Amino acid sequence: RIQDLNSLKSALRLYYNDNQSYPIGDGSCSSVLSDLADDYFPGIESFNCDYISADGDSFVATIQLESDSGTSSVESQENCGLTASEKVYAVCAN
């Protein structure tokens with residue numbers, strides 16, 4: 001799950017490079033997959049995570065983990081300015 005979310009982050013950065021903004025979304029990652037699927041994240045039809053980008057200048061995506069990943073999940077959330085929660089991993093635009 002962590003690798004999938006990091007792949008999504010890479011796809012979003014490529015999208016940003018081409019479009020000068022991130023896809024707008026407030027909720028599920030599936031809401032932005034149509035913007036990414038063919039050119040940036042091929043082969044992915046469904047991805048169960050949360051995605052927020054209100055202005056297109058930044059984004060935060062989180063995924064629920066099946067088990068705790070230790071300090072990496074807490075560090076990922078803090079890096080994105082989130083309050084740490086158990087079994088959650090986050091990626092963001094920074």
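In which loop does N48 lie? In this predicted model, where local features need pLDDT of at least 70, side-chain atom pairs count only at pLDDT 80 or more, and totals for chains, interfaces and linings use all residues, N48 sits in the loop between α2 (30-36) and β2. Residues are numbered from 1 along each chain as its sequence is written, and side-chain values use heavy atoms, with hydrogens and water left out. N48 is exposed, at a relative accessible area of 64%; here buried means under 20% relative accessible area, exposed over 50%, and partly exposed in between, with a 1.4 Å probe and protein chains only. Between the C-alpha atoms of N48 and D18, which are 30 residues apart along the chain, the separation is 25 Å.

Stepping back to the whole chain, there are 3 helices and 4 strands, taken as DSSP runs (helices H or I, at least four residues; strands E, at least two) and numbered from the N terminus. From that end the order reads α-β-α-β-β-α-β. With a radius of gyration of 13 Å, close to the 12 Å that the globule rule gives for 94 residues, the protein chain is as compact as a globular protein of that length. That radius is taken over C-alpha atoms, and the rule is 2.2 Å times the number of residues to the power 0.38. The C-alpha trace spans about 35 × 25 × 20 Å along its principal axes.

As for cover, 37% of the 94 residues count as buried. The chain exposes about 5400 Å², with carbon and sulfur atoms supplying 42% of it; these areas come from the Shrake-Rupley method with a 1.4 Å probe, and for residues only the protein chains shown count as cover. Of the contacts (heavy atoms within 4.5 Å) between residues at least 6 apart in sequence, 51% join residues at least 24 apart.

Now for the strands. β4 (residues 88-92) is mostly covered, with 5 of its 5 residues buried. V88, A90 and C92 point one way from this strand, while Y89 and V91 point the other way. β3 (residues 60-64) pairs with β4 in the antiparallel sense over 5 bridges, where pairing takes at least two DSSP bridges between two strands. Along this pairing, T62 has A90 as its bridge partner, and Q64 has V88. β3 also pairs with β2 (residues 50-53), again in the antiparallel sense, over 3 bridges, and here T62 is the bridge partner of D50. β2 and β3 form a hairpin with 6 residues between them, and G56 in the turn has a positive phi of about 80 degrees.

Helix α3 (residues 71-79) holds Q77, which counts as buried at 1% relative accessibility. Leaving aside residues up to four places away in sequence, Q77 touches L82, T83, A84, S85, V88 and A90.

Most residues other than glycine have a negative phi. Q20, however, has a positive phi of about 60 degrees although it is not a glycine. Q20 is found in the loop between α1 (2-19) and β1 (25-28) and is exposed, with a relative accessible area of 52%. K87 likewise has a positive phi, near 60 degrees; this residue lies in the loop between α3 and β4 and is partly exposed, at a relative accessible area of 33%.
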